[in-house]
Amino acid sequence: MPDGGRTQQRVTTLECAACTDIGQVRTRNEDSLWADAERGWLLLADGMGGHSSGDLASALAVSYVRNNLLEAAEKSREGRKPDYAEVLANSVIEANAAIRSAGKQSDAVHMMGSTFIGVLLNPGEMSYAYVGDSRLYLLRGGALTQLSRDHTLVQEFVDAGHFTAEIAQNHPSRGLLTRGLGVNDDEEPDTGICALHPGDRLLLCTDGLTDMVNEHEICRLLGMPARADEVARSLIEAANSAGGHDNVSVIVAWFDE
C-alpha cells in the first residue's frame, strides 16, 4: 500500500524450532540436530540403532555439514557466491568418510553409523539431501506429504509391491537400513528441490517420532495454530505418550509474513 510516496515491503521471516528427547526407554540420546533460522538451514541426524557410538556418528554428520555451510557463507562475503545445495550434498559425502574413518580407528566405535537429513530454505523454494530413514515432511493445505524416501529394506518391499504401507508401518524389521552414513565407503545422498507456497509447514524428524505416531496425528499436530516451539514439543510428547521406545527429534519450520 502507498505510504507517503513509498511502498511498504512485506517482511518474510522463518519461524522454526528444534527439539530432541531421550525418550522413555533409551539410556542415552544418539540424535543430533541444528537449526539456523536466520539462514534457513536445518540439519538432523540419528545415530543408527544397534551400532556403537551412534551419538558420535550423528554429531559428526551434523558438524561436518554445518561447518562446511558456514565456511561457504564466509567465502560469500569475499564475493564468491556458493551453490549451497552443492555444498550440502558434498558435505554429506565428506561426513560419511569422516564417520568411516572414525569407526576404523577404534574398536570401541566400530561400525559407527548415522542417518542424515539437511534442508536449505528460502521463502519460495527449498533444497534438501538425505540418507537413511529420518524423514522430511511437507504439510500443505491440510495434506501431509513425505518428501524423503526411507532407505530401508521394508521400503524396498513396499516399492516392489510386496508390502502395503500399513504393513510396513508396524513391520518388526522396519528399522533395518539399506543405506546410512558410515556404513559403506561410498555414499551419496538423495537430493531434491521443492517449491514452497504460503502456509506450507515443514517437519524433519527421526524414526523415534514416526515409529510411535501415525501420519494422521503428525499432520494434526504439525498444523496446529501455535508457535513453532509448541508444535515441536507436542510432537515429542506424542511420541513419548505412545511409549517413547527411541530417542525422538524434530525440527519444524514455516515462513510467516
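1. Contact here means heavy atoms within 4.5 Å; axes are lines fitted to C-alpha atoms, for helices over the stretch in contact, with angles from 0 to 180 degrees between N-to-C directions. Helices (H or I, at least four residues) and strands (E, at least two) are DSSP runs, numbered from the N terminus.

2. The model is predicted: local features need pLDDT of at least 70 and side-chain atom pairs count only at pLDDT 80 or more, while totals for chains, interfaces and linings use all residues. Residues are numbered from 1 along each chain as its sequence is written, and side-chain values use heavy atoms, with hydrogens and water left out.

3. The secondary structure of the protein comprises 7 helices and 12 strands. Of its 257 residues, 48% are buried, that is, under 20% relative accessible area with a 1.4 Å probe and protein chains only (exposed is over 50%, partly exposed in between). Among contacts with a separation of 6 or more, 68% link residues 24 or more positions apart.

4. Strands β4 (residues 31-36) and β5 (residues 41-46) run antiparallel and are joined by 6 bridges. They form a hairpin with 4 residues between them, and G40 in the turn has a positive phi of about 80°. D36 stands opposite W41 in β5. Strand β7 (residues 125-131) is likewise joined to β10 by 6 bridges, antiparallel, and Y128 has G192 of β10 as its bridge partner.

5. The largest nonpolar core has 26 residues, and L203, L209, L235, V250 and V252 have the most contacts inside it. Such a core is a set of buried Ala, Val, Leu, Ile, Met, Phe, Trp, Tyr and Cys residues joined through side-chain atoms within 4.5 Å. Elements giving two or more residues to this core include β3 (13-21), β11 (201-205) and β12 (248-256). The largest share, 7 residues, comes from α7. Apart from this core lies another, of 23 residues, with L43, V65, A73 and V87 among them.

6. The 14 residues of α7 should span 20 Å at 1.5 Å a residue, and the end C-alpha atoms are 20 Å apart, which agrees; the expected span is 1.5 Å times one less than the number of residues. Buried residues of α7 include V231, L235 and A239. Their cover includes β3, β11, α5 (207-210), α6 and β12. After α7 comes G243, with a positive phi near 135°.

7. L144 is located in strand β9 (residues 143-146). L144 counts as buried because its relative accessibility is 19%. Leaving aside neighbours within four places in sequence, the contacts of L144 include Y137, L139, I218 and L222.

Definitions and conventions: Pairing = 2+ DSSP bridges.
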